[in-house]
Each structure stands twice: as C-alpha cells, then as structure tokens.
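Work through the exercises below with the model at hand. Each task is followed by a solution in steps.

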Amino acid sequence: MEVSVRTSPVEAGPVWSHDCTLEDLVVPYALAPEATARLETGRGWARRWTTVWKASRAKVVCPVQELAGFPALASAPVRGFTWGAGQRHRPGLKFVLATGRMHGFESLEERRLLLALDFTDGMSEVLSQPFTLKFTTVGGAEDHTPDFLVLLPGTALLIDVRPGRLVKDKDLVKFAAAERAAAAAGWRYLVVAGWRRHVTAGLDALSARRRPMADRLGLHDELLELCSERLRQFGELAGATSLPAVARAHAVHLLWHRRLAMDLARPLGDSAWIYPVGGRDG
C-alpha cells in the first residue's frame, strides 16, 4: 500500500554554502510513531536484532548492541552495483573527493547524496550498502539494507534515500528499525526524501571545479580581495578581475571549497550574490 508523503517541515530561509550541513540541504522524511509501534522491542531486543556485514569475502554477524564497536572500515558493500539491460534503476560509481576513491550508488538520488556528502564538512568515510539489518516486528522477521553509513568524528550517520512519493507502507517499518538500531549505536539516522529547491543544481555546478586548481595568475587573491571590499554579484565579481573568463572557474572553485559563500537556495548565475568568508584551503 502506498502511503502519503510525510516530509519534515523545511525552513524557507537561505542555505549558506560556507557552513551548511547535509540536514540543511535535504528534505527529510518524517517517520510516524505507528511504524515504530510495529517493531518487536522487548527486553533483549538489541541482542536479538543483528547486522550482517561482508568482510574478507565472508559474512560477519554483529548484534545491534555491539554495533558501535564494529570495525566498519574493514567491510565491503553487502550488495554489488550491477548493470543490466532493461533495469529501471541507475546504479554506478561516483568519485568522492573527500575520500579519494569511488563509491557505489544504486540510483540517481543516491548519486546526488554522495555529491552533497562530498560538499559538506566533517565526513571521514562513507560506506555504501554497509550491512543488512535483521530485525523482528509484531508480524515476524524482516530485514533491511540501509543505503549509506557516513563516518563522522566520534559518531556516524546512517542514511536511507527514498523520494517521498516512492515510500511504501512496507518501507516505514524498515526505516523505523534502522532508526532504532542507529540510536542504539549512538548514531543519527536520516531518510532523504528530497532536496531543498535549487540545491542539487547548485551543487552540480560547483562540483565542476571541486578538484585542485593551479592559480598561477593569482586570481584567488583577486577574487577574495574584491569580495571583501563589498558584496558583489557573481558576474560583476568575475568581471572586475584581470581575466574575467578564467576568474569564473576560480570563483566556482572557491565557492566549493568554502572560501567564498552563496545562498544555495537561490540559482547560481551572474545575478547571484557572493559573500566573503573564512574557510578551508582550495
């Protein structure tokens, strides 16, 4: 049975590129209490619920109560990312600058999430299809494989990606189980049901210049100095440099690396306002 879309309220204010988090970029799915009520969580549930990982080409079972201590970095995705004629989803591999390697995804929505994770600060590693959660409900045994496990300093973020319009009734109890397992490990849990307006287009544009760039012409300093003098729109800022055509690419690079800022809730174009900030090196 298909359920109605339940997305959490999202503020209509700006999304500042220099200090936004993943939660600022997405539209989360709000889990209803009824879904949690269908879980079997009597005494000892964290011992009975298990996670199945893939490590050294073998399955490794870890109870949920020991999940926080599992060596996740030694694992591999529990499912492969395969291609075939006629399939309706779009799997693939995405390079993530923050980790320096390719990561698997099973849909274009998951690919967008990997890009957003690469843009936001703090991520040390992201694991695709990290484990299969085996849990029990009032109706019997169930299982669920979350889409990503994001490792952060001292904690982690477990993520499922599902457009709100595609969430089915059977998904709700699986999401609720994943949320409870994550909480038992001291992690956060998020269901990404959509994106703030203009965010995906903005991140896609900025990502074109995310890789290291040589600045032999000194355009970075020009752009930063011009922007510090007063607020400027993107077209004006690039046009005020000694080499406007090249400066555009460097301005985008500085935006990705958070040395300049913009409102990601608005389109990136010549009329977009660009702000000066401190930030990480480009």
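Ala, Val, Leu, Ile, Met, Phe, Trp, Tyr, Cys and Pro count as nonpolar, Asp, Glu, Lys and Arg as charged, and the others, Gly among them, as polar. The model is predicted: local features need pLDDT of at least 70, side-chain atom pairs count only at pLDDT 80 or more, and totals for chains, interfaces and linings use all residues. Residues are numbered from 1 along each chain as its sequence is written, and side-chain values use heavy atoms, without hydrogens and water.

**Exercise 1.** Describe the lining of the second largest pocket by class.

Solution. A pocket is an open set of points on a 1 Å grid over the protein atoms alone, where a 1.4 Å probe fits, with protein on both sides within 12 Å along at least five of seven lines; lining residues have an atom within 4 Å of a point. Here 15 residues form the lining, and Thr21, Leu22, Thr120, Asp121 and Leu152 lie nearest the centre. By class, 7 are nonpolar, 3 polar and 5 charged.

**Exercise 2.** Do likewise for the largest pocket.

Solution. Its lining has 23 residues, with Ser107, Glu110, Val161, Arg162 and Leu166 closest to the centre. The classes are 5 nonpolar, 4 polar and 14 charged.

**Exercise 3.** Which residues does Ile159 touch?

Solution. Count contacts as heavy atoms within 4.5 Å. Leaving out residues up to four places away in sequence, Ile159 touches Leu22, Leu113, Leu117, Pro146, Asp147, Phe148, Val150, Leu190 and Val192.
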